[in-house]
Amino acid sequence: MSDCLIQRFPAPIERLTAAIFWFISQFHSFALNTGAQTTNQLAVHEAVNQKAAQLLDKYGNHILRLSYSYLHNMSDAEDILQDTLLQYLKTAPVLENENHEKAWLLRVAANLSKNRIKYNEKRKVDELDETLASQEREDLSFVWEAVKSLPEPYREAIHLFYYEGYSTAQIGSILNQKEATVRSNLHRGRKKLKEILKEAYDFE
Amino acid sequence: MTLSKRYDEVMAHIEVTDEMRSRILNNIQKADVTAPKKNLLHFPGAKKYLSIAACFALLLVGALTLPRYLTPDSPENPILAQNDDIVNVSSIEELSDTVGFEVNNITGLPFEVEQTEYTAYWQEMAQVSYAGEWQTLIYRKSVGEEDNSGDYTDYKNCINIEANHISAQLKGNGESYNLAIWNVDGYSYSIYSENGLSAEEFIKIIDDNF
């Protein structure tokens, strides 16, 4: 018999070897994909963090001051600032320009602040009161106490009109109120402030 | 110093400190806003259809029984309260009753009025809003002498006009005016025009109605 005898591995070993090679190739491919995904995720994280920092630097003080005007304490105001930024980052709203962006953020901050007020059982310390008192700025304490004492609808109209410089139409859009209502609240707010401050200040 | 400048000074004491900034950015990083959304839970088939059937049953029961319990407002004088302080009413007569002084409708407006709304604020200020396709006018009357318009816009143009023995001030930017204010006999009046009117148009309105 001169048939060439092809030396081959026994069948079970061949199958086992093939299986091992297949497994290794699958694992290699998986590792490559996972690496790519992880790199993508890191890039996205980094972009989000950068955006958060950008928003905080551009609008942080405005959001914090509006929240403080509702809540009268720094820790709640800080929470609202954080939650407002988180909302923005999660929702990724499509906004036309910077003005639109700021109005969007203030609208969210106002809504979150009002929700927080409902659930706040105990009033926390008003750090601004303490700061102004420690600086012996009775003139500013006087003004702050007067504005603080206004009912919320008047106070928010006063803050957005005089501090942020929004028109009554824009305030209506931020607070989801009719412009006529905003103007009425502004009118009443000014009237009450004049009563409290006893004509010590002019508005203009 | 004005109140608004004082208020600005007050607000300057509230600011994002470096510590607060780090804390917030750290928390945002931990919150991981990029995390994929969780999968929706699917109702098993039978439960889904049973739930839909239950909703329809509730709707049917509600539609049949609720009308018995809802008492409709009087068709003659429906009063729709927004809240205790701001009340929408359905006629000029009701508005006068609510605020306690006579208020009259403005006629001869230079546009076609499609909708009129009557609102009493805090039982002391009457407002009538006239809305047309391209123009809205808001007329207010209240006791006292103060400007009741609530419009504190810093207008560039201010002029005084005389109409029907009334001295009024007009305010606006550009060629038209958005606001007319005056007071007479212990009442304060204002007319706010969303898209502006000419001085002549304001004079005619005051002449014809006041």
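This note sets out points on the interface of chain A and chain B, and on chain B itself, in a predicted model.

1. Extent of the interface. On the side of chain A, 56 residues are in contact with 46 residues of chain B. The size of an interface is often expressed as the accessible area lost when the parts come together. Here chain A and chain B bury about 4600 Å² between them, and carbon and sulfur atoms account for 64% of that area.

2. The rule finds seven salt bridges across the interface of chain A and chain B. One of them joins the side chains of R137(A) and E9(B), with an N to O distance of 3.1 Å.

3. Contribution of chain A. Several helices of chain A each supply at least two residues of the side that touches chain B, including helix 2 (74-91), helix 5 (138-148) and helix 8 (179-197). Helix 1 of chain A gives the most, with 14 residues. By class, this side of chain A comprises 28 nonpolar, 14 polar and 14 charged residues.

4. Architecture of chain B. Chain B contains five helices and nine strands. Along the sequence, their order is α-α-α-β-β-α-β-β-β-β-β-β-β-α.

5. Burial and contacts in chain B. Of the 210 residues of chain B, 39% count as buried. The accessible surface of chain B is about 13000 Å², with 52% of it belonging to carbon and sulfur atoms. Among contacts in chain B with a separation of 6 or more, 44% are between residues 24 or more positions apart.

Notes:
Residues are numbered from 1 along each chain as its sequence is written. Chains are lettered from A and ligands numbered from 1 in the order in which they are written. This is a predicted model: local features need pLDDT of at least 70, side-chain atom pairs count only at pLDDT 80 or more; totals for chains, interfaces and linings use all residues. Side-chain values use heavy atoms; hydrogens and water are left out. Contact means heavy atoms within 4.5 Å. Buried area is the accessible area (1.4 Å probe) that two parts lose on being put together, summed over both. A salt bridge is a side-chain nitrogen of Lys or Arg within 4 Å of a carboxyl oxygen of Asp or Glu. Helices (H or I, at least four residues) and strands (E, at least two) are DSSP runs, numbered from the N terminus. Ala, Val, Leu, Ile, Met, Phe, Trp, Tyr, Cys and Pro count as nonpolar, Asp, Glu, Lys and Arg as charged, and the others, Gly among them, as polar. Buried means under 20% relative accessible area, exposed over 50%, partly exposed in between (1.4 Å probe, protein chains only). Accessible areas come from the Shrake-Rupley method with a 1.4 Å probe; for residues, only the protein chains shown count as cover.
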